[in-house]
Amino acid sequence: MTTQITSAPPAAEPRKGDRRRPAGSPAANVGRPGFGWALPAAIFFTLFAIVPLIMVAVLSFMSWNGLGSPRFVGTENWSRLLDDPVMLKSIWITLLLTVLGIVVQTPLSILLGVWAAGHQRNRAVLSAIYFVPLLLSATAVSVLWRALLDPNFGIPAEATWLFGDGNLFGEQTTAIGVLAFVSTWQFTPFHTLIYQGAARAVPEVLYQAAEIDGAGRYRQFFHITLPQLRNSMITSMILMTVGGLTTFETVLILTQGGPGTDTTISAYYMYEKAFKSFDFGVGSAIALTLVVAATVISLVVVRVSGYDKMRSSMEGVS
Amino acid sequence: MRRRPNYLAGVGSVVWLFLVGLPLYVLLAATLRTRGDYAENGPVSVPDTFTLDNYLGAFDAGFGQYFLNTIVVTAAVVGLVLVLVPPLSYAIVRSRSRVTSQVFRLFLLGLAIPAQAVIVPMFYLISEAGLYDNLLGVILPTAAFCLPMSALILSGSMRDISPELFEAMAVDGATPRRMFFQLVVPLSRGGLSTITVFAALQAWNGFLFPLVLTQSDSTKVITLGLYNFQTEHGIDIPGLLGAVMLSMLPVLLVYLFARRALVQGLMGVGGK
C-alpha cells in the first residue's frame, strides 16, 4: 500500500531522501526528463479521451441522427430529457443498483479480503477459484448467468422451492435482484483483492499491542483492522460508484432494460437513444449527465474523506 | 488475529466458494454434454454423455475469426500501452516541469471517464476518420482508455526506485535517455508486467467499443460474437456455454500458469 489510486504527483510532496534543490536553479533539471517524455501519451490521450469528452458536451446541444452533419438545437435535448419519465426512472434505477452494489459488496469483500490476508489452511487453492470471475468479461459473465437462470432450462427450474415459477426476469424486483447479484458475483473478488492487500499492510505491532491490552478478536477487527482499511474503502467505493453508474453489458444481455423499462439504467437508456433510435443528441446529454455525476461523486468522496491529501497509508508506521 | 482461525470469515469464504464454484462447474459440465442431456437432467447434474460438439459448433459459428480479431486487438493495445506509458510515467516521476504535473492531473481526471461517456463522439470521430468497421478503430480508443490506470500503476512502481541511483547516474553524466533505458526500465519490470496484464485483460474483454464501432463479421471480436450467439441461439444453452468457455479459455490458461503474477498485477489496479 505505498501508492494508491491518487498517488502524489512529484511536485506535490517531496519524499524522504529526495532532496530537492530550489526550483528554477539551473542545476535543478540536470539529468531530469523534460515534458517531452510525456508528450506522445498526452497527445494520444487528449485525442481519444479528452476531445470526445468535450465533444459529448457540444453534441448534447445538437441534433444528429448519425448521418449528415449535427445541427445546433440549443437546450432542446435537455428539456426533452427533463420531461422524459423513462429518463427520471432510469436515474432512480441506476442509483438503486449502485447503492445496492456498495451495500452488498463492501461488507462481503472486507470479510473475504481480511480472511484471504490471513494464513488459513487451503487459502491458496480457495483464493485461486475465488478470483476467476475477475478475469472474465462482463459479456461472458452475463451470458453465463442468463443461461444459468433460464426459466426453463436453468437452475430456477431445478429449485422451484426457492425460485417459485422461476422467471426471474419477468418482474422488476427479481430482475433488479439478478442484476445486483451478477455484479456482486463479478466484482466482489476485485474488491476483495483491494482489501486483502490493505489488510496485509496493517502492521502486526498494532495487534500485538491490542493483545497485551486484552482486546478480543472483534474489538481488534473494529478498532484496528477497519480503521486501517479506511483508504482502501474509499478507493473501493469510488470504483463501485463509477462502475455502478456505468454498468452496461449486464443490463444489455440479462434484461434488455426490461420488463418494460423496469431495469433501464441510464447507461443503457443512453445506448438505446443513441444507437437504436439514432437520437445522438439526447444520447450525448444522458452520457454527459453520467460523467458529471460520476466525477462529482468521486470528488466529493475524495474531499470529504481528506483523501486528496494523498498521504501514503504507510506513513508514520515504518 | 492471525493465529486462531476466524470462523465467521471461514464460513463466509466457504459460501463464496460455493457461489463461484457451482456456476463454473455447471459451465464446464454443460459444454461437454449434449443439448438433450442438459435439458433432461438439468444444469447441476453429472453429465451422462460426453461430446465436443459444443466447441466445434462455436467454431462453425465463426468464432475462429473472432478469436483472431481479438488477438490482433489485444496485441496492438498492449503494444501501444507499452510504447506510450513508460516514458509518460518516467516523466511523471522524475520531471520537475510544471506542465508534466498538469499532464498527470489530466490522466488522474481520466480515471473517472467511463467509456460510455464518450461513445457517441467516438462513433462520430471514428466514422469521420474512415475507421468505422476497422479493427484500428477499436484499438485506438481501447488503448487510450487503458492509459490512466497504466500510468498510475507504472509511476507507482517507478517511484520505488531509489533517488540515489539517479543521482549516481547523474554524477556520471548520464542523459535522461540513458537513465530511462539502463535504470528505469529494468527496475520497473514488475510494473511493466502488471500494465501488460491489465491492458491485455481490458482489450480481450472489451465490449462497448467493438459493439458500436464495428459491424461486419470480419471485424467482430469474441465478446461481440458471444453476444450475437446469445441473441440468435439463446435456447441452445450447451452450445452457448461452449462459446462462453472458448472466450475465457486463454485467460483461464494464463491464470492457471501465472496466477501469482496475475493476481498481484490486478491487486495493483486497486491499491498496490
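How many of the 318 residues of chain A count as buried? In this predicted model, 53% of them count as buried, meaning under 20% relative accessible area, with exposed over 50% and partly exposed in between (1.4 Å probe, protein chains only).

Residues are numbered from 1 along each chain as its sequence is written, and chains are lettered from A in the order in which they are written. Local features need pLDDT of at least 70, side-chain atom pairs count only at pLDDT 80 or more, totals for chains, interfaces and linings use all residues, and side-chain values use heavy atoms, without hydrogens and water.

**View 1. Helix α11 of chain B.** This helix (residues 222–233) has twelve residues and reaches 16 Å from its first C-alpha to its last, close to the 16 Å expected at 1.5 Å a residue, where the expected span is 1.5 Å times one less than the number of residues; helices (H or I, at least four residues) and strands (E, at least two) are DSSP runs, numbered from the N terminus. Its buried residues, including Leu224(B), Tyr227(B) and Phe229(B), pack against α6 (138–148) and α13 (249–254) of chain A, together with α3 (53–94), α9 (189–205), α10 (208–213) and α12 (237–257) of chain B.

**View 2. Confidence in chain B.** The average pLDDT, the predictor's confidence in each residue from 0 to 100, is 87 for chain B, and 95% of the residues score at least 70. Within chain B, confidence is lowest in helix α13 (residues 259–270), at a mean of 67, and highest in α10(B), at 95. Where pLDDT is low, the predicted coordinates should not be read in detail.

Methods:
Contact means heavy atoms within 4.5 Å.
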